[in-house]
Amino acid sequence: MIKKLLKKVISGLGYEIKKAKLPQNYKLYKYEKPDGSFDYERYKEVQINGNKRKIESVWVTEENVAYLSEYIKKNLSRIEFGLCHGTRRGKEQKWFRKYLKAHVIGTEISDTAIEFPHTIQWDFHNIKEEWLNNVDFIYSNSLDHSYNPEKCLDNWMSCLSKNGICIIEHTSGHESTSELDPFGAPISLMPYLILVWSKGKYYVTEILTAPKQHKEYVKFLIIKNKR
Ligand SMILES: C[S@@+](CC[C@H](N)C(=O)[O-])C[C@H]1O[C@@H](n2cnc3c(N)ncnc32)[C@H](O)[C@@H]1O
């Protein structure tokens, strides 16, 4: 009754009441077995097949890694150990090593990992004990390959050393979803999502524009732990 009356008064004034909605939401493809449980074997199989199909392509660019290395040098006092996640041909760790003269390794879920230097076969959702609080920077352009970006980012952030940073490359290509790229979101939603997932433990402190724009947009989200 009151709602109806309010609506009438407000529309009489030329306004309209509408429920607030997020402009867009994120999408997460679900790997499910017929009984509804998580199908990890399927996830792994899809990722490995995709990796082998695209084994000749390189997404990351040397120009952008050089730019990020300068940013890292300006902003970090300790640059000893870096991790790159989802690295296929391992170019990012190769270039970060070149520009930062630091120990940098990459993770890759596919068994092709052994073909590329400084690359380990490893599912980036998991962390090694020795990484905890010990990684000065993390870089990834593969968060869209995560079946659970919240768990993934939470684990990555727990690896950062004091004042360490996590750099997520997010492009217009990271907005859509498929079986191969299960997580998709528009850039405008990312700082919000990250803050919700972290429950305030970490957040986006800066959004950088890549010098090499090989897509409609290429951005770097800088994420730091709250100190
Ligand atoms: C879009 S490609 C990017 C490759 C590389 N970073 C580049 O710029 O060329 C994503 C890569 O992440 C790998 N990947 C997917 N899921 C992964 C996971 N859970 N753990 C580690 N690597 C994964 C894929 O096999 C693939 O090689």
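Student: Why is strand 3 largely enclosed by the rest of the structure?
Tutor: This is a predicted model, in which local features need pLDDT of at least 70, side-chain atom pairs count only at pLDDT 80 or more, and totals for chains, interfaces and linings use all residues. Residues are numbered from 1 along each chain as its sequence is written. A residue is buried if 20 or more other C-beta atoms, placed from the backbone, lie within 10 Å of its own. Strand 3 is largely enclosed because, of its six residues, five are buried.

Student: In what order do the strands of the open sheet lie?
Tutor: Strands are DSSP runs of E with at least two residues, and helices are runs of H or I with at least four, both numbered from the N terminus. Two strands pair if DSSP finds at least two bridges between them. The open sheet has seven strands with mixed pairing, and their order is 4-3-2-5-6-9-8.

Student: Which are the edge strands of this sheet?
Tutor: An edge strand here pairs on one side only.

Student: What is the handedness of the β-α-β unit made by strand 2, helix 4 and strand 3?
Tutor: Helix 4 (residues 91-100) lies across strands including strand 2 (81-85) and strand 3, and runs at about 170 degrees to strand 3. Such angles run from 0 to 180 degrees between N-to-C directions, with axes fitted to C-alpha atoms, for helices over the stretch in contact. A crossover is right-handed if, with the strands pointing away from the viewer, the path from the first strand over the helix to the second runs clockwise. The unit of strand 2, helix 4 and strand 3 is right-handed.

Student: Which elements give two or more residues to the shell around the ligand?
Tutor: A residue counts as near a molecule if its C-beta atom, placed from the backbone, lies within 6 Å of it. Of the 19 residues around the ligand, those that come nearest are Asn51, Trp59, Val60, Gly86 and Arg88. The elements giving two or more residues to this shell are helix 2 (40-53) and strand 3 (103-108).

Note on methods:
Contact = placed C-beta atoms within 7 Å. Buried ≥ 20, exposed ≤ 12 C-beta atoms within 10 Å, placed from the backbone.
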